[in-house]
Amino acid sequence: MQKRPTFYPLLLLVCWTGLMFGADYVVINNSVRQALSVHFVPTIGKMVRSEIGKGATSHRGIEIGYNYTVNGIDYTGHHYRYDDRTAAWEYSTAIDAFPRWSARKVYYDPGNPADSILDPGLDGCDLLMLLFAMPLNIVTLALWVGLGRIWFEKKHSERAGGVPILKKPGEIRAQMAEFSPAAVTGGALAIASFVAAFPVVSMGGFAPSMRMMLVVWAIVFGIAAAALVWAIKRNRSGDYDLRIDEASGAVTLPQTDGRRTRLKVARNEILGICLQRRITRNPSGNYFSYLPAIDCAGQGAGSPVIRLVTWGWTEAKGRAFAEWLSDQLGVEFKGVQAEQ
């Protein structure tokens with residue numbers, strides 16, 4: 001049976017998502033347990049093992065053991081921290097602080113005394129791991145959302161391709177903003193967290209201070225919040241709305257496809273609506289996207305075609321919107337054409 005061209009990219013995305021879920025579970029589970037450990041009760045324990053662990057090719061994690069007693073019952077613990085096998089840790093520093101046969105404080109869960117660690121609470125490394133994971137998770141989520149939209153648009157035909165249509169006194173508006181506030185905010189959060197990781201590691205290594213990481217996370221979330229406010233204000237400004245004057249049939253074009261000002265086209269200049277096909281070539285093959293456009297009366301030879309969006313849509317969405325617009329203007333839908 002012949003596989004569809006999207007089979008292998010989808011399989012790769014599924015495998016990648018599985019790896020991300022596994023990594024996220026480890027990071028979040030360890031971070032939550034570390035945060036809850038601030039309520040653990042201290043006691044004195046004796047170190048019986050304290051050495052750097054060995055991985056397949058290099059040193060890996062901490063091999064640690066300690067004995068302690070709670071309510072007359074003896075326990076043995078094996079955690080320095082819940083994330084004590086992460087590669088970000090300076091293993092020798094922890095080993096030096098807890099030498100074998102020394103007496104050290106042990107922190108145990110009063111509800112489950114067998115659960116214990118030597119270093120309770122969150123630290124900068126925990127927040128750094130979350131910073132590393134943020135852009136990867138956002139990109140993965142964006143890929144799945146994009147696939148979901150493509151599938152939905154193929155299975156369901158929405159009015160105007162799902163573009164929001166507003167009825168105003170004397171005019172009809174189609175909201176053509178390329179990105180929603182949620183998409184802008186997610187993109188800003190991903191970029192800010194990715195960029196912030198470099199100065200953090202350069203200044204604080206892989207074990208930065210808690211204070212540094214709190215400042216960095218405040219900056220990252222501040223940038224995301226500013227992007228959200230900017231996107232909402234931008235989309236509500238009306239600059240990215242396609243406006244149809246119901247009395248004259250004139251169309252005011254949105255500030256998309258590089259236009260910095262609104263452009264008004266008279267009804268008698270509009271010859272039709274078309275759907276331009278854009279071909280993007282990459283190593284895995286050709287990718288097709290579609291841009292609704294207005295075919296206008298030009299001077300001399302040729303007729304200019306004005307694209308209504310910057311980035312291409314799926315064929316189903318582009319065709320539905322182009323057909324809706326041609327119906328609203330009472331002009332011909334000229335079908336799919338090669339991008340000019």
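This is a predicted model: local features need pLDDT of at least 70, side-chain atom pairs count only at pLDDT 80 or more; totals for chains, interfaces and linings use all residues.
Q: What is the volume of the second largest pocket?
A: A pocket here is an open set of points on a 1 Å grid over the protein atoms alone, where a 1.4 Å probe fits, with protein on both sides within 12 Å along at least five of seven lines. Points are joined across faces, edges and corners, and the volume is the space filled by probe spheres set on them. For the second largest pocket that comes to about 200 Å³.

Q: Which residues lie closest to the centre of the second largest pocket?
A: Lining residues have an atom within 4 Å of a point, and this pocket has 13 of them. The closest to its centre are D24, M129, F132, A133 and N137.

Q: Which helix gives the most to the lining of the second largest pocket?
A: Helices are DSSP runs (H or I, at least four residues) and strands are too (E, at least two), numbered from the N terminus. Both α1 (7–36) and α3 (124–155) supply at least two lining residues each. The biggest giver, with 7 residues, is α3.

Q: How many residues of that lining are nonpolar, polar and charged?
A: Ala, Val, Leu, Ile, Met, Phe, Trp, Tyr, Cys and Pro count as nonpolar, Asp, Glu, Lys and Arg as charged, and the others, Gly among them, as polar. Sorted that way, the lining has 11 nonpolar, 1 polar and 1 charged.

Q: How are the rings of F132 and F206 arranged: stacked, edge-to-face or tilted?
A: Rings of Phe, Tyr and Trp (its six-membered ring) pair if their centres lie within 6.5 Å; planes under 30 degrees apart are stacked, over 60 edge-to-face, and the rest tilted. By this rule there are 9 aromatic pairs. F132 and F206 are 6.4 Å apart centre to centre, with 55 degrees between the planes, and the pair is tilted.

Q: How many residues apart are F132 and F206?
A: F132 sits in helix α3, while F206 is in the loop between α4 (181–204) and α5 (210–236). The pair links distant parts of the chain, and the separation is 74 residues.

Q: Is T185 buried or exposed?
A: T185 belongs to helix α4 and touches A224, A227 and L228, not counting residues up to four places away in sequence (contact means heavy atoms within 4.5 Å). Buried means under 20% relative accessible area, exposed over 50%, and partly exposed in between (1.4 Å probe, protein chains only). At 17% relative accessibility, T185 is therefore buried.

Q: Which residues does L136 touch, leaving out those up to four places away in sequence?
A: L136 is found in helix α3. Its relative accessible area is 40%, so L136 is partly exposed. With those sequence neighbours left out, it touches W16 and M20.

Q: What is the phi of N71, which is not a glycine?
A: N71 lies in the loop between β2 (59–70) and β3 (73–77). At 74% relative accessibility, N71 counts as exposed. Its phi is positive, at about 55 degrees.

Technical notes:
Residues are numbered from 1 along each chain as its sequence is written. Side-chain values use heavy atoms; hydrogens and water are left out.
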